[in-house]
There are 2 protein chains.
Amino acid sequence: MKPLAVVCVSGGMDSCVTAALARERFRLAFLHGNYGQRTEARELACFHALADHFGAEPRLVVDFSALHAIGGSSLTDRAIPVREGEPVAGVVPTSYVPFRNAHLLSAAASWAEVLGATAVFVGAVWEDSSGYPDCRPEFYAAFEKAIDLGTRDETRIAIETPVISLTKAQIVARGLALGVPFGSTWSCYQAEDVACGACESCVLRARGFAEAGAVDPLPQR
Amino acid sequence: MKPLAVVCVSGGMDSCVTAALARERFRLAFLHGNYGQRTEARELACFHALADHFGAEPRLVVDFSALHAIGGSSLTDRAIPVREGEPVAGVVPTSYVPFRNAHLLSAAASWAEVLGATAVFVGAVWEDSSGYPDCRPEFYAAFEKAIDLGTRDETRIAIETPVISLTKAQIVARGLALGVPFGSTWSCYQAEDVACGACESCVLRARGFAEAGAVDPLPQR
């Protein structure tokens with residue numbers, strides 16, 4: 001029997017492709033975080049659709065109430081507008097949720113330790129992305145060390161970020177090759193019915209499909 | 001004006017003394033975690049009493065729903081009995097909550113980044129303790145590095161663990177010298193009215209007061 005991995009699945013295209021890559025070597029436990037983001041209802045529906053598609057059991061939906069209460073991001077504080085257009089190099093956009101991925105990794109590591117899972121997968125993207133500091137490869141290396149030191153001696157959990165150095169176009173291409181259901185993913189930061197087509201996340205997604213020469217099954221406005 | 005620090009305050013004696021030490025150099029923001037532990041109601045009352053005592057504002061109470069859902073500890077799963085007596089060297093007790101302190105540190109770091117706080121204080125104790133792996137000094141060093149890499153470049157947050165190498169008796173002595181209200185703390189893992197006197201945490205506390213030649217204002221059964 002394959003070993004077990006916890007996969008952090010937001011419901012976006014990056015975590016969807018990450019799950020498909022994880023499934024090649026692992027049985028899958030799916031973890032989703034609700035941190036009060038604007039589009040959580042749609043993301044959660046995608047999470048469950050993807051878990052069904054990949055046959056992931058168990059599933060855990062975590063309410064990160066701290067991130068909601070702390071705010072400091074356009075995704076969790078509706079008083080801060082969502083930035084539109086392409087990311088600007090060297091500028092952390094307002095959609096950065098302060099240290100969010102540490103909350104996800106902490107939950108994933110706790111769950112992995114109890115389940116006996118040996119890996120945690122995260123669909124972070126660094127080069128071709130919005131420049132969130134908690135998507136840096138070095139952050140994941142440091143966090144893996146913190147997991148190693150902060151859990152039982154016999155616990156061994158690797159953090160795997162298989163799409164971190166890919167472009168969005170490469171992620172689309174990998175996903176198409178693996179037959180992932182991109183129609184069951186959600187990327188838009190601000191709309192839940194039809195993707196806005198204007199926010200950074202929509203712009204990155206649209207460029208990824210265009211550069212991959214593919215058609216996104218989810219139309220943007 | 002002094003800089004601001006986020007202090008993780010469980011309501012126990014170690015975090016109480018840690019807050020007193022932090023106050024010497026910082027203004028205080030108090031963070032408390034509810035992770036579904038057996039004695040949360042009493043701990044939360046102590047948290048607010050200590051925040052009043054130390055004049056800590058703002059305060060944030062975080063619901064770590066993941067830790068509650070994940071279980072794997074006698075503190076969060078009532079089907080697992082709380083171990084009684086002195087800790088056994090080299091054995092992680094059932095009261096270990098898997099990777100709990102990473103959840104606390106993640107919340108503290110996110111909050112510190114938004115508040116502009118430059119330090120996070122944690123009352124972890126390593127040598128004279130139950131041997132929880134997430135109380136190791138090396139864990140805090142690794143997590144500090146993860147914070148440095150996973151937050152904005154201009155964010156600088158030091159993790160401070162001023163009682164980590166003290167014995168329980170030394171912590172009692174420091175607290176008495178600083179005039180902390182030990183009567184407004186709670187250590188027992190399983191009772192909320194009168195401390196049981198039997199669980200590891202009660203045993204460590206009783207020994208600390210005895211070795212310091214002091215009387216605990218909170219009687220144990």
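Predicted model: local features only at pLDDT ≥ 70, side-chain atom pairs only at ≥ 80, totals over all residues.
**Loops, helices and the two chains**

Reader: In which loop of chain A is the place of P58(A)?
Author: Residues are numbered from 1 along each chain as its sequence is written, while chains are lettered from A and ligands numbered from 1 in the order in which they are written. Helices (H or I, at least four residues) and strands (E, at least two) are DSSP runs numbered from the N terminus. In these terms, P58(A) is placed in the loop between α2 (40-54) and β3 of chain A.

Reader: What is omega for the cis peptide bond that joins E57(A) and P58(A)?
Author: In chain B, the bond from E57(B) to P58(B) is cis, with omega near 0°. In chain A, the cis bond joining E57(A) and P58(A) has an omega of about 0°.

Reader: Is F99(A) buried or exposed?
Author: F99(A) is in the loop between α3 and α4 of chain A, and its phi is near 60°, a positive value in a residue other than glycine. A residue is buried if 20 or more other C-beta atoms, placed from the backbone, lie within 10 Å of its own, exposed if 12 or fewer, and partly exposed in between. Because 32 other C-beta atoms lie within 10 Å, F99(A) is buried.

Reader: What does the packing angle make α1(A) relative to α6(A)?
Author: Helix α1 (residues 13-23) and helix α6 (residues 168-178) of chain A pack at about 45°, with axes 10 Å apart. Axes are lines fitted to C-alpha atoms over the stretch in contact, and angles run from 0 to 180 degrees between N-to-C directions. Angles under 35 degrees count as roughly parallel, over 145 as roughly antiparallel, 65 to 115 as roughly perpendicular and the rest as oblique. The angle therefore makes α1(A), relative to α6(A), oblique.

Reader: Which element gives the largest share of the side of chain A that touches chain B?
Author: The contact, counted where C-beta atoms placed from the backbone lie within 7 Å, takes 37 residues from chain A and 37 residues from chain B. On the side of chain A, β3 (59-63), α3 (65-70), α4 (100-115) and α5 (137-150) each supply at least two residues. The largest share, 10 residues, comes from α4(A).

Definitions and conventions: Contact = placed C-beta atoms within 7 Å.
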